[in-house]
Amino acid sequence: MFKLWPVVAIVIFLMGYSHWRGQSAKYSTGNHNIQVQHNDGEVLRLIAFGDYGTGNENQERVMNLVENICQQKKIHGILLLGDNIYMDGVKDIHDPKWQNIIEKPFSKPCISKLPLYPILGNHDYKGNPDAQIEYSKVKANWNFPNRFYSINFGKLLEVVALDTNYADVCLDDKECVLDFAYQRIENKNSRWQIAMGHHPVLGSSSKHSPGVQGALLKPMFCQFDAYLAGHSHHLEHVKPEGCQGEFFISGAAGADLYPPKETISESKFAKGVYGVLELTVDSSKIQYDFIDEHGNKIYNYTNLLIAKRQGQSTL
């Protein structure tokens, strides 16, 4: 009987894993890749933030900030890092939360014209996550073809958007997150490649610890030029030792702030204020700017393609 224990344990594990995977979003509106025409000689600008979908005055102030940035510069898109709709997502595509949290805040003259690229956060999974993907059929600039996908801005930049709520593996890159991520790494054909997911793998949050998942995913995200996350309600830049990539947390766009605890040794900057992350990309560098709700640039980091991609930061 004792000889059967390993077999029983494997069967129980596989049953549990299958049940866990079965809870992930299944809806799809298209393939796993979005191709955006972009002149690779032109500077590309993106804004990234998560944990915004409250419909409260905090979100409104941040959206006013984004509108001001958009009015001043040519912005090519907004990366939405999850927790799009608090506290428990939406029931369906007709849920009234869409109007108060997405439609109205994003209706400002400039940002209403920008493409939005969302991913799912943990609060989105408390409702109907498939409805957020299906909403791509309702809102023209809500680009959400699958729970994981990639965006190619010409040959300049690829953004790999991942569902870190269910970071599964099944040896099929059309079905599972980690298979897709490694497939994109292996087939990189852009100057730069960054990933985005809801959960940080390293950070100074006073509430959310990256835990085991963070430790397991860190080696993979280190292979990207950067990993952008939300979930932790503050702004932070982390540079892990021995890691090619830069880690950024931009989860301070609407939900209550959780000021960072005493920063970890790998942290280059951490602050509990409302704001966003702006990315400026060209063929030789990516510049990352944290901008607070008042429009102040509170941190800047430049990642160079040359010299082994050593970055330079300034306050």
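Me: In which loop does Met87 lie?

Reply: This is a predicted model, in which local features need pLDDT of at least 70, side-chain atom pairs count only at pLDDT 80 or more, and totals for chains, interfaces and linings use all residues. Residues are numbered from 1 along each chain as its sequence is written, and side-chain values use heavy atoms, with hydrogens and water left out. Helices (H or I, at least four residues) and strands (E, at least two) are DSSP runs, numbered from the N terminus. By that numbering, Met87 lies in the loop between S3 and H3.

Me: What is the omega of the peptide bond from Tyr86 to Met87?

Reply: Met87 belongs to the loop between S3 and H3. The peptide bond that joins Tyr86 to Met87 is cis, its omega being near -10°.

Me: Which residues of helix H6 are exposed?

Reply: Buried means under 20% relative accessible area, exposed over 50%, and partly exposed in between (1.4 Å probe, protein chains only). In H6 (residues 211–221), the buried residues are Gly214, Leu217, Met220 and Phe221. These cover an arc of only 115° around the axis, which puts them on the same side of H6; the arc is that of the directions from the helix axis to the C-beta atoms. The exposed residues, on the other side of H6, are Val212, Ala215, Leu216 and Pro219.

Me: Which helix is included in what covers the buried residues of H6?

Reply: The cover is judged by contact, meaning heavy atoms within 4.5 Å. Among the elements that cover the buried residues of H6 are strands S7 (192–196), S8 (226–229) and S10 (246–250), together with helix H5 (177–186).

Me: How far apart are the end C-alpha atoms of helix H2?

Reply: H2 (residues 57–72) has 16 residues. The expected span of a helix is 1.5 Å times one less than its number of residues, so H2 should span 22 Å. The model agrees with this, as the end C-alpha atoms of H2 are apart by 23 Å.

Me: Against which strands and which helix do the buried residues of H2 pack?

Reply: The buried residues of H2 include Val62, Met63, Leu65 and Val66. The strands against which the buried residues of H2 pack are S2 (44–49), S3 (77–80), S12 (275–281) and S13 (285–292), and the helix is H3 (97–103).

Me: Which residue's backbone nitrogen does the side chain of Asp179 reach?

Reply: Asp179 is part of helix H5, and its relative accessibility of 14% makes it buried. At 2.9 Å, its side chain reaches the backbone nitrogen of Leu171.

Me: Is Leu171 buried or exposed?

Reply: Leu171 is found in the loop between strand S6 (157–161) and H5. Although not a glycine, Leu171 has a positive phi of about 65°. With a relative accessible area of 80%, Leu171 is exposed.

Me: With which residue does Lys73 form a salt bridge?

Reply: Side chains of opposite charge can pair when their charged atoms come close. A salt bridge is a side-chain nitrogen of Lys or Arg within 4 Å of a carboxyl oxygen of Asp or Glu, and the whole structure holds 14 salt bridges. Lys73, in the loop between H2 and S3, is linked to a residue of strand S12 that is 205 residues apart from it. At 3.0 Å, N to O, the partner of Lys73 is Glu278.

Me: What is the relative accessible area of Glu278?

Reply: Lys73 is partly exposed, at 32%. Glu278, by contrast, is buried, and its relative accessible area is 0%.

Technical notes: Polar contact = N/O pair within 3.5 Å; in protein donor to acceptor, adjacent residues only side chain to side chain.
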